[in-house]
Amino acid sequence: MGAEIKVILAERLAQMNITRYRLAQLSGVSYPNIDAYYKDRISRFNKETLLRICLALDCQPGDIIRLVETEDSIKDGA
């Protein structure tokens, strides 16, 4: 078993009934960056971006980021 980090910003925004556009306004983070986090299409986390998102949503990083178990793509003895 392996693991990966998943951004679950979409879930958090749905729970709070906030749009990506509104989050961009509240946080000062550009809409394209919010959209990348929303769609879990980022490869590097920016501390300032995470801080701004968390402050705007009044949450902790763990509320929008999860460590999830995955199946390893490399099999032993394959």
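This is a predicted model: local features need pLDDT of at least 70, side-chain atom pairs count only at pLDDT 80 or more; totals for chains, interfaces and linings use all residues.

Analyst: Asparagine 17 counts as exposed because its relative accessibility is 73%, where exposed requires over 50%. Asparagine 17 belongs to the loop that runs between H1 and H2. Its backbone deserves attention as well: phi is near 55 degrees, a positive value in a residue that is not glycine.

Aspartate 58 sits in the loop between H4 and strand E2, which spans residues 65-70. With a relative accessible area of 70%, aspartate 58 is therefore classed as exposed.

Which residues of the largest nonpolar core touch the most other members? That core has 17 residues, and the ones in question are Leu9, Leu23, Ile34, Tyr37, Ile53, Leu57 and Ile64. Helix H1 (9-16), helix H2 (20-27), H3 and H4 each contribute at least two residues to this core. The largest share, four residues, is supplied by H4. As a general matter, nonpolar side chains in soluble globular proteins tend to be buried together.

Neighbours within four places in sequence aside, leucine 57 is in contact with Leu9, Arg12, Leu13, Met16, Ile18, Leu23 and Ile64.

Cysteine 54 counts as buried because its relative accessibility is 7%. The closest cysteine sulfur to that of cysteine 54 belongs to cysteine 59 and lies 4.0 Å away, which is too far for a bond. Cysteine 59 is accordingly in no disulfide, the nearest cysteine sulfur being that of cysteine 54, at 4.0 Å. Why is cysteine 59 classed as buried? The reason is its relative accessibility of 9%, since buried means under 20%. The count of disulfides in the model comes to zero.

In one of them, the side chains of aspartate 35 and arginine 20 meet at 2.5 Å, taken from N to O. This pair ties together distant parts of the chain: aspartate 35 is in helix H3 and arginine 20 in helix H2, 15 residues apart. Aspartate 35 counts as buried because its relative accessibility is 15%, whereas arginine 20, with a relative accessible area of 23%, is partly exposed.

Glutamate 48 and arginine 52 meet through their side chains at 3.1 Å, N to O. Both lie in helix H4, four residues apart, or about one turn of the helix. Glutamate 48 is classed as partly exposed because its relative accessibility is 42%; for arginine 52 the value is 33%, so partly exposed applies there too.

Helix H4, which holds arginine 52, covers residues 47-57. Residues up to four places away in sequence not being counted, arginine 52 touches Ser27, Gly28 and Val29. The C-alpha atom of arginine 52 is 11 Å from that of serine 30, although the two residues are 22 places apart along the chain.

A further salt bridge joins the side chains of glutamate 4 and lysine 6, at 3.4 Å from N to O. Glutamate 4 is partly exposed because its relative accessible area is 35%, and lysine 6 is partly exposed at 32%.

Finally, the surface has a nonpolar feature. Which residues form the nonpolar patch on the surface? They are Ile5, Phe45 and Leu67, with about 310 Å² of accessible area together. Phenylalanine 45 is placed in the loop between helix H3 (31-38) and H4. Its relative accessible area of 35% is why phenylalanine 45 is classed as partly exposed.

Technical notes
Residues are numbered from 1 along each chain as its sequence is written. Side-chain values use heavy atoms; hydrogens and water are left out. Contact means heavy atoms within 4.5 Å. Patches are made of residues with over 30% relative accessible area and no salt bridge: like charges are joined within 9 Å, nonpolar side chains (Val, Leu, Ile, Met, Phe, Trp, Tyr) within 5 Å. Accessible areas come from the Shrake-Rupley method with a 1.4 Å probe; for residues, only the protein chains shown count as cover. A salt bridge is a side-chain nitrogen of Lys or Arg within 4 Å of a carboxyl oxygen of Asp or Glu. Buried means under 20% relative accessible area, exposed over 50%, partly exposed in between (1.4 Å probe, protein chains only). A nonpolar core is a set of buried Ala, Val, Leu, Ile, Met, Phe, Trp, Tyr and Cys residues joined through side-chain atoms within 4.5 Å. A disulfide is a pair of cysteine sulfur atoms within 2.5 Å.
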